[in-house]
Amino acid sequence: MRINTASDSWRKNLGYQWASTLYVAVLGFVVSVLLARELGVEDFGNYSYILSLAGIFLIFQDGGYKTLIFRESVDDSAQSLLSSGVMHVVSITVFGALAVFLLQPQRWLAILTAVCCMGLVVLSGFVSSLLKGRGDFKSDAAWRMVIRSLTACAILSALFLYEDGSVTSLFVGWSVALVLALIWPIVKGYLSWPSFNFKGELFRASMVFLTIDVATVFYFRSDIVLLEYFGHIKSDVGQYSAAYRVLEGVILLATPVAQIAFRSLRLRQNQKEFFGLLSWLVLVMLMVASIIAVIGAFFGGDLMLIVFGEQYQYAGELLPLLLFAMLFILPNYILTQGTIALNKEIGYAKIAVTVALLNIVLNVWLIPDFGAMGAAWATIFSEGVLCLGLGLVLWREWIGGDSANRG
């Protein structure tokens with residue numbers, strides 16, 4: 001009876017999460033397509049470049065709190081973290097905004113609005129982490145759908161209703177929508193007035209997760225930034241960004257499985273049950289990734305032409321290569337959750353930093369000669385190394401014979 005109940009719970013939670021994820025992915029993809037078509041290859045590249053820069057800074061705004069809140073919420077001990085997390089977000093956002101205003105780099109106004117927007121994105125992520133950690137996947141699904149709906153309407157309004165349609169106006173609209181959405185968690189008491197509650201153990205854990213997040217964002221965002229500076233073809237940034245949007249959409253669909261898997265893995269105290277579930281999930285992800293890679297090889301080019309238009313023909317050549325990386329990316333999602341569930345985040349941090357540095361070196365080496373195609377090759381190789389590293393950490397835990405008890 002217990003097994004049936006657990007199975008039903010998995011199906012319901014996955015149903016809620018997949019419904020919201022599919023909604024978020026489709027709506028996000030539609031927004032990306034409209035932006036790409038309306039802005040054109042060059043301006044869409046500028047938007048993607050600024051979003052990548054802001055995405056890198058977002059990791060410092062988060063400070064590792066999102067993952068920590070998620071993990072501690074499973075044990076129902078994360079409420080005190082939220083006020084500290086809010087304080088961290090506010091402080092880092094103000095610091096970043098002042099730095100951009102004083103230095104005024106190229107496109108500084110768009111970067112400034114993007115930095116403020118990412119601070120609000122982090123706060124919405126805290127709410128999501130708290131709900132998922134508590135097992136309230138239904139409320140989290142509704143929350144993410146509301147966020148995506150409001151932000152999509154705001155971005156498209158800025159794109160079509162204002163004559164200039166500048167990148168700055170897109171981030172302003174995005175920010176306004178997030179401010180409106182965050183009224184609900186404030187009223188519910190999920191987000192409280194910022195305060196600083198220092199606890200050494202949690203601070204060290206947040207720093208480890210911050211290190212992981214910094215390495216991860218440099219890994220996922222550095223290719224677009226490096227294409228901007230080392231690429232010889234201006235349109236490569238826009239072409240690669242369009243193909244990468246499809247990859248991100250596919251990854252987004254796998255996120256609910258990984259997050260629900262984390263909670264299930266975290267609650268398993270027996271080593272055999274833990275690694276049995278982990279192995280089964282990795283195998284499922286590998287099978288799904290294989291199907292996606294085959295579909296991408298045959299239909300990826302046609303998909304880009306149909307959806308984005310003929311000006312993104314080169315993106316159609318990049319997409320099958322990026323989707324091949326799914327053979328490593330999807331299993332890595334599960335291996336990552338297993339590593340964190342076992343409190344092996346320090347080992348994960350070392351691997352993540354190594355892979356991030358490797359990815360940057362590969363991009364700097366390959367982009368000048370091969371452009372966006374070189375960036376895609378770097379992604380595939382780096383994901384393979386990450387898979388081997390995470391597999392080694394978990395294998396050592398398995399052969400060590402230690403209990404999977406995380407208490």
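Read along the sequence, the fold runs α-α-α-α-α-α-α-α-α-α-α-α-α-α, which comes to 14 helices and 0 strands. Helices here are DSSP runs of H or I with at least four residues, strands are runs of E with at least two, and both are numbered from the N terminus. The model is a predicted one: local features need pLDDT of at least 70, side-chain atom pairs count only at pLDDT 80 or more, and totals for chains, interfaces and linings use all residues. Residue numbers start from 1 along each chain as its sequence is written, and side-chain values rest on heavy atoms, with hydrogens and water left out.

Of the 407 residues in the protein, 55% are buried. Buried stands for under 20% relative accessible area, exposed for over 50%, and partly exposed for what falls in between, with a 1.4 Å probe and protein chains only. The protein exposes about 18,300 Å², and carbon and sulfur atoms supply 68% of that area. These accessible areas come from the Shrake-Rupley method with a 1.4 Å probe, and for residues only the protein chains shown count as cover. As for contacts (heavy atoms within 4.5 Å), residues 24 or more positions apart account for 83% of those with a separation of 6 or more.

Salt bridges come next. The term covers a side-chain nitrogen of Lys or Arg within 4 Å of a carboxyl oxygen of Asp or Glu, and a search of the whole structure turns up 2 of them. One pairs Arg144 with Asp140, with the closest N and O atoms 3.4 Å apart. Both partners sit in helix H5, and because they are 4 residues apart there, about one helical turn separates them. Arg144 and Asp140 are both buried. The other bridge joins Lys344 to Glu397, whose closest N and O atoms are 3.3 Å apart. Lys344 lies in the loop between helix H12 (326-341) and helix H13 (345-370), while Glu397 belongs to helix H14 (residues 372-399), so this pair ties together parts that are 53 residues apart in sequence. Lys344 is partly exposed at 33% relative accessibility, whereas Glu397 is buried at 9%.

Lys132 is buried yet has no salt bridge, and Asp140, its nearest side chain of opposite charge, is 4.5 Å away. For charge, Lys and Arg count as positive and Asp and Glu as negative, while His and the chain ends are not counted. With neighbours within four places in sequence set aside, Lys132 touches Gln17, Phe70, Phe137, Asp140, Gln259 and Arg263.

The loop between helix H3 (79-103) and helix H4 (108-133) holds Gln104, and Arg107 lies in that H3 to H4 loop too. Gln104 has a phi near 45 degrees, a positive value in a residue other than glycine. Arg107, also not a glycine, has a positive phi of about 60 degrees. Gln104 is partly exposed with a relative accessible area of 41%, and Arg107 is partly exposed with 28%.

Helix H5 (137-161), helix H6 (167-181) and helix H7 (183-188) each supply at least two of the patch residues, and H6 gives the most, with 3. Ile183, found in helix H7, is partly exposed with a relative accessible area of 46%.

Disulfides, pairs of cysteine sulfur atoms within 2.5 Å, number 0 in the structure. For Cys116 the closest cysteine sulfur is that of Cys117, at 8.7 Å, which is too far for a bond. Cys116 is partly exposed, with a relative accessible area of 34%.

Finally, Leu277 is found in helix H10 (residues 271-308) and is buried, with a relative accessible area of 14%. Apart from its neighbours within four places in sequence, Leu277 contacts Ser264, Leu265 and Arg268. Leu277 and Gly338 are 61 residues apart in sequence, with a C-alpha to C-alpha distance of 9.7 Å.
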